[in-house]
Amino acid sequence: MGRVVVDVMPKPEILDPQGKAVAGALPRLGFGQFASVRQGKRFELEVDGPVTDEVLAAARAAGEQVLSNPVIEDVVAVYEDTEVPAR
Amino acid sequence: MSRIGVVTFPGTLDDRDAARAVRLAGGEPVALWHADADLHGVDAVVLPGGFSYGDYLRAGAISRFAPVMGEVVDAARGGLPVLGICNGFQVLTEAHLLPGSMIKNDHLHFVCREQVLSVERADTPWTRDYAAGEHITIPLKNQDGQYVADERTLDELEGEGRVVFRYEGWNPNGSRRGIAGISNAAGNVVGLMPHPEHAVEAGFGPDGPKGPRTGTDGLRFFTSVLKALVS
């Protein structure tokens, strides 16, 4: 079994209200060293076989067409997760 | 009598209110199910509010792939009047019938209020019973209501007169340029975040000039489309 990770983030020019709220909460809990926070999404796509170039290409296409909305989000990374824990 | 389809997705909340608004305006509401790949010959379609598919992934993102949406997209491109309210507006943006997208309200709170809008365009099939520049009051209730698009798209919308409604007085969610509702280039597809279907009958609407709960400013969306269909 293989696993592909697709990371989606809000576009840099889009204000990220959730990240801003998290950034506001951190100093109240003693984490004063972080200037800002942006919150995105991580998708884990599993395949029965190995992660081939075709699988990665399909994961990127799914990321761009379904998992993200290109108006507000970017697919920032598509990669094989090589440390798949046994389930 | 004109038949107006009202789509129900899993998680849709306001389909009954939308159907009731159609009936009060003098039309015949037709229930359309998300799994139907058939519009049953309706003359117009309303995509109501709610949390279709739990807003999973993004608001409206999964609904776009429902069988009924393939039919709605084709018919809309052919000129069928389509109105998306709140979650329905989000579905229309995800289906690429309308540009831009909605993100969380800038203040992060769910908002539920009686909202004043200015009607910018009174020449769409959904707004012809209003006057351009008129102020109307209808409910607004959402979490992901902040309309965003890039500057070029916003300039295009303004330049082509496709901003149909703007928030008046206070921008309740941080929407770019105070935009509350827009149309496609042809004008037959309109989406907005506030809820006209909740302001169609005295006793149940926002406060109005005649007293508490007397506001029925939303009814003319539905009378507008019925008139547009027979003219």
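Is B:Glu197 buried or exposed, going by its C-beta neighbours inside 10 Å? B:Glu197 counts as buried, because it has 28 C-beta neighbours inside 10 Å. (Buried stands for 20 or more other C-beta atoms within 10 Å of a residue's own, exposed for 12 or fewer, and partly exposed for anything in between, with C-beta atoms placed from the backbone.)

A word before the views: this is a predicted model, where local features need pLDDT of at least 70, side-chain atom pairs count only at pLDDT 80 or more, and totals for chains, interfaces and linings use all residues. Residues are numbered from 1 along each chain as its sequence is written, while chains are lettered from A and ligands numbered from 1 in the order in which they are written.

**View 1. The annotated active site of chain B.** According to the unreviewed UniProt entry, "active site" covers B:Cys86, B:His195 and B:Glu197. These residues span 112 residues in sequence, yet no two of their C-alpha atoms are more than 10.9 Å apart, so they gather at one spot. (UniProt positions follow the numbering used here, feature names are shortened, and annotations may be inferred rather than shown by experiment.)

**View 2. Around B:Cys86.** Look for B:Cys86 in the loop between β4 (82-85) and α3 (87-94) of chain B. (Helices, H or I with at least four residues, and strands, E with at least two, are DSSP runs numbered from the N terminus.) B:Cys86 counts as buried, because it has 29 C-beta neighbours inside 10 Å. Leaving out residues up to four places away in sequence, B:Cys86 touches B:Gly49, B:Asn142, B:Met193 and B:His195. (Touching, or contact, means C-beta atoms, placed from the backbone, within 7 Å.)

**View 3. Around B:Glu197.** The loop between β11 (189-192) and α5 (219-230) of chain B holds B:Glu197. Among the residues that B:Glu197 touches, not counting those up to four places away in sequence, are B:Asp14, B:Asp17, B:Pro48 and B:Gly218.

**View 4. The open sheet of chain A.** Here 3 strands line up in the order β2-β1-β3 (chain A), with antiparallel pairing. (Strands pair if DSSP finds at least two bridges between them.) In chain A, β2 (41-47) and β3 (73-80) stand at the edges with a single partner strand each, so one side of each is left without a neighbour in the sheet.

**View 5. Where the chains meet.** Chain B gives 11 residues to the contact and chain A gives 8 residues.

Methods: Two residues are in contact if their C-beta atoms, placed from the backbone, lie within 7 Å.
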